[in-house]
Amino acid sequence: MAEWLLSASRQRRVKAMTAAAGSAGRAAVPFLLCALLAPGGAYVLDDSDGLGREFDGIGAVSGGGATSRLLVNYPEPYRSQILDYLFKPNFGASLHILKVEIGGDGQTTDGTEPSHMHYALDENYFRGYEWWLMKEAKKRNPNITLIGLPWSFPGWLGKGFDWPYVNLQLTAYYVVTWIVGAKRYHDLDIDYIGIWNERSYNANYIKILRKMLNSQGLQRVKIIASDNLWESISAAMLLDAELFKVVDVIGAHYPGTHSVKDARLTGKKLWSSEDFSTLNSDTGAGCWGRILNQNYVNGYMTSCLGVSFLSNTSFSTIAWNLVASYYEQLPYGRCGLMTAQEPWSGHYVVESPVWVSAHTTQFTQPGWYYLKTVGHLEKGGSYVALTDGLGNLTIIIETMSHKHSKCIRPFLPYFNVSQQFATFVLKGSFSEIPELQVWYTKLGKTSERFLFKQLDSLWLLDSNGSFTLKLQEDELFTLTTLTTGRKGSYLPPPKSQRFPSTYKDDFNVDYPFFSEAPNFADQTGVFEYFTNMEDPGEHHFTLRQVLNQRPITWAADASNTISIIGDYNWTNLTIKCDVYIETPDTGGVFIAGRVNKGGILIRSARGIFFWIFANGSYRVTGDLAGWIIYALGHVEVTAKTWYTLTLTIKGRFASGMLNDKSLWTDIPVNFPKNGWAAIGTHSFEFAQFDNFHVEATR
């Protein structure tokens, strides 16, 4: 057997050298050489002196906000295919962690996500889509770690203040009910819970949250704090013994691959609990590949850190966001690991960050350990190595250049990467490893580009545990003892198509699987399917805006509620919708076209907005806030009555009808030139919409 392995090793080395000297068609594929044949310093991978930090996994965020909004509307089999690429082990991104927003009714980047408790006495654990997404992730990977984190909170918790810490027990109760509801209604065990995304933490609240979790038998649920910066929370923990005890993980956002001394001194788990948020091009993939290695190399293995601190701590990186499944013109368009923003066509794109993820996720698992012997390469790049302690070893090497690995934040100081030969020597328990599987990615020009390509395996029996790689810019290698890696694939999805130019929805769904109507993206407020018990006729099933007070905000929510839909490039269109004002005297509703902003910019949205009010007036404005008034007047409108609004925009002019009768005509509208259609209300008030219909020409 040994003679056969030696012969195979010699044959593979000859094959590698021939390929290196050979055809131009394979010139971009790297070649592997015996250590004796290549110059350069050696990088030793050794576990003789113990191991480094525990690895807690790689994950991604759904939410913060509404980033998976369009995914639920995909038809099968495409929706399941997308989920497989994200969660299925040994297939695509194969994520270890899913972090979701605990919906709080507020705008949290690209939309709002509904709370399980809109009001004080209200509980509904079937709103939104995060429950569904967590179950789909668990279906594919039963071992996936689940995390919940609030961005916004329903307004009743603030008792008139835009602040979740007015009543600490009440807010803790609200969060704990979400965890309990996840288990009771969906059989989901939440593993970690956060405090308030990128906003102030309250030490007393964290302590109360821990006590309330324990009182509900949820001792296994661990606390992450504070999903913001390293400094404040870690310094507070070192000064407060009780706070130190109840915080299990220090989570920082966009740390730039660095941590701080106080965080390391705690000996707690250190996570980059939100990172990436970069366009999912090859540059975004380069960003992701670089930080997956260097978050550990730079942030947690510094010279000022003693081994005693390393032994009980662990590490993880989590990307925002999981899948770019929201209208692309909203903020941070296509900043997901993959893109799925066309449920009407079924089209999706498995972007390069998926395969960069696979280099780590398919060949490691939470509970593995980093080796201490990891670091930077002499001519740029980095390497890490992990082991399961049972003989398996995975080595990940990246050489991402500065130009092609800039993340959206923070600023990246200049560095240089150049071609190099890197020799690695396996020692300790790894010295007898006979073979390593090799997976390779090259980002950049199409002619040189490879994504997660399996190369010939590397035989080490007659090389004293040494091997050499020729490394060039923007490459990623995984060398591993595991043989389970796979580049999963399906037949290509349907071709990309624009949003349908004719679109209708009568909302006649008796038992909706999701609480929100397809393709509507709430930007302020929450619009849900509603059964109107007072109207058994035409308007028995409607879409209702259900918030009656402003939430505790995370972003600059508008003063009006609004839900957008359609093609951002729509220019000429007719929008028709039945509307029902529920609030006497002060209530009001609108339909709109050419809406040009959403997400965290929604307050400044421009467009053509056609309003009617319960006080018997109408208004036409050029913005959501109502500052730009094109027309106004009196009309016979009251609350508790259905009306049909029609808005027609053609070229530089707009006209409106009430109950199919002309109300205003040919108002000049020079800006914006294009945008989404929308519906909404004057304030946080109940109102209903039915028989929505758009006819558009571009």
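Me: Is Cys335 buried or exposed?

Reply: This is a predicted model: local features need pLDDT of at least 70, side-chain atom pairs count only at pLDDT 80 or more, and totals for chains, interfaces and linings use all residues. Residues are numbered from 1 along each chain as its sequence is written, and side-chain values use heavy atoms, with hydrogens and water left out. Buried means under 20% relative accessible area, exposed over 50%, partly exposed in between (1.4 Å probe, protein chains only). With a relative accessible area of 5%, Cys335 is buried.

Me: Which residue does Cys287 join in a disulfide?

Reply: A disulfide is a pair of cysteine sulfur atoms within 2.5 Å. The count by this rule is one. The S to S distance is 2.0 Å, and the partner of Cys287 is Cys407.

Me: How many residues apart in sequence are the parts that Cys287 and Cys407 tie together?

Reply: Helices (H or I, at least four residues) and strands (E, at least two) are DSSP runs, numbered from the N terminus. Both Cys287 and Cys407 are buried. Cys287 lies in helix H9 (residues 282-299) and Cys407 in the loop between strand S17 (393-398) and strand S18 (420-426), so the parts tied together are apart in sequence by 120 residues.

Me: What is the handedness of the disulfide of Cys287 and Cys407?

Reply: The torsion about the S-S bond decides this. For Cys287 and Cys407 it is about 100 degrees, so the disulfide is right-handed.

Me: How far away is the nearest cysteine sulfur to that of Cys335?

Reply: Cys335 is in no disulfide. The nearest cysteine sulfur belongs to Cys287, at 9.7 Å.

Me: Which tryptophan is in contact with Glu198?

Reply: Glu198 sits in the loop between strand S6 (192-193) and helix H5 (203-215). Its relative accessible area is 19%, and it is buried. Contact means heavy atoms within 4.5 Å. Leaving aside neighbours within four places in sequence, the contacts of Glu198 include Glu274, His253 and Trp554.

Me: Where is Glu274 placed?

Reply: Glu274 counts as buried at 5% relative accessibility. Not counting residues up to four places away in sequence, it touches Trp151, Ile318 and Trp320, among others. Its place is in strand S9 (residues 269-276).

Me: At what angle do the axes of helix H2 and helix H3 cross?

Reply: Axes are lines fitted to C-alpha atoms, for helices over the stretch in contact, and angles run from 0 to 180 degrees between N-to-C directions. The axes of H2 (residues 78-87) and H3 (residues 130-140) come within 10 Å and cross at roughly 65 degrees.
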